[in-house]
Amino acid sequence: MTRVIRYAEARALQGHRAGFASRVAADVVDLGVAWLLGLSALLAAGVVRYLLVGPPFRLPILPNWLDTGGAAAIAVGYLALNWAATGRSVGKQVAGLRVVDRFGRRLSLRRALARAVLYVLFPAGLLWVLASRRNASVQDLVLGTAVVYDWAYHPADESPPTGDGRSS
């Protein structure tokens, strides 16, 4: 059940490693999604507090350490689960990208979790894409992963096709 890619430019890039601009665009969308997930968690906590204690409705005010730790945990969980499940987060889906291992397969949950932790702890590692001939971030180099252009649908048990960009 693979969808046909309509545009020649997209077909030509299919399976090749994604560049810096595409990855940043996807990461900006993912940052927004993670922020919305965090806000949703605060809203849910506020509703629970309101139901248990009563008026007035207020969002909880978290200490800085918990605020930062909670945001990091939400981002790591969001990215790891999406990368392990389909290779795509919402941002990657919008940008037509997929995270794969060095053989073009979906990431294991362990590798996806390690990649997400590295991305949250060291986001500047993405800048290495600008210097890398293979468009690899520091996280990609450490974990043997790649971000490739992939506009096609693939069932969860099927690996996406790889282009010659994977080995260059």
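Student: Is Asp 101 buried or exposed?

Tutor: This is a predicted model, and in it Asp 101 counts as buried, at 6% relative accessibility.

Student: Which residue forms a salt bridge with Asp 101?

Tutor: The partner is Arg 105, and the closest N and O atoms of the two are 3.2 Å apart. Arg 105 is partly exposed, because its relative accessible area of 42% falls between the 20% and 50% cut-offs.

Student: And how many salt bridges does the count come to?

Tutor: The count is five salt bridges. Among them is the one between the side chains of Arg 23 and Asp 140, at 2.9 Å from N to O. Arg 23 lies in helix 2 (residues 20–53) and Asp 140 in helix 6 (residues 138–143), so this pair ties together parts that are 117 residues apart in sequence.

Student: Are Arg 23 and Asp 140 buried or exposed?

Tutor: Arg 23 counts as buried at 1% relative accessibility, and Asp 140 counts as buried at 3%.

Student: What about Arg 115; which side chain does it meet in a salt bridge?

Tutor: Arg 115 meets Asp 140, with 2.7 Å from N to O. Since Arg 115 is in helix 5 and Asp 140 in helix 6, the pair ties together parts that are 25 residues apart in sequence. Arg 115 counts as buried, at 0% relative accessibility.

Student: Over the face of which ring does Arg 115 lie?

Tutor: Arg 115 lies over the face of Trp 83, at 4.6 Å from the ring centre.

Student: Changing topic: how many aromatic pairs are there?

Tutor: The count comes to two aromatic pairs. In one of them, the rings of Tyr 50 and Phe 57 have centres 6.4 Å apart and planes at 70°, so the pair is edge-to-face. Tyr 50 counts as partly exposed at 36% relative accessibility, and Phe 57 counts as partly exposed at 40%.

Student: And what is the geometry of the pair of Trp 83 and Tyr 119?

Tutor: Trp 83 and Tyr 119 are edge-to-face, at 5.9 Å centre to centre with 70° between the planes. Trp 83 lies in helix 3 (residues 64–85) and Tyr 119 in helix 5 (residues 109–121), so the pair ties together parts that are 36 residues apart in sequence.

Student: Buried or exposed, those two?

Tutor: Both Trp 83 and Tyr 119 are buried.

Technical notes:
Residues numbered from 1 in each chain as written. Predicted model: local features only at pLDDT ≥ 70, side-chain atom pairs only at ≥ 80, totals over all residues. Heavy atoms only, no water. Phe/Tyr/Trp six-rings, centres within 6.5 Å; stacked < 30°, edge-to-face > 60°. Buried < 20%, exposed > 50% of the residue type's maximum accessible area, 1.4 Å probe, protein only. Helix = DSSP H or I, 4+ residues; strand = E, 2+ residues; numbered from the N terminus. Lys NZ or Arg CZ within 6 Å of the ring centre and 35° of its normal. Salt bridge = Lys/Arg side-chain N within 4 Å of Asp/Glu carboxyl O.
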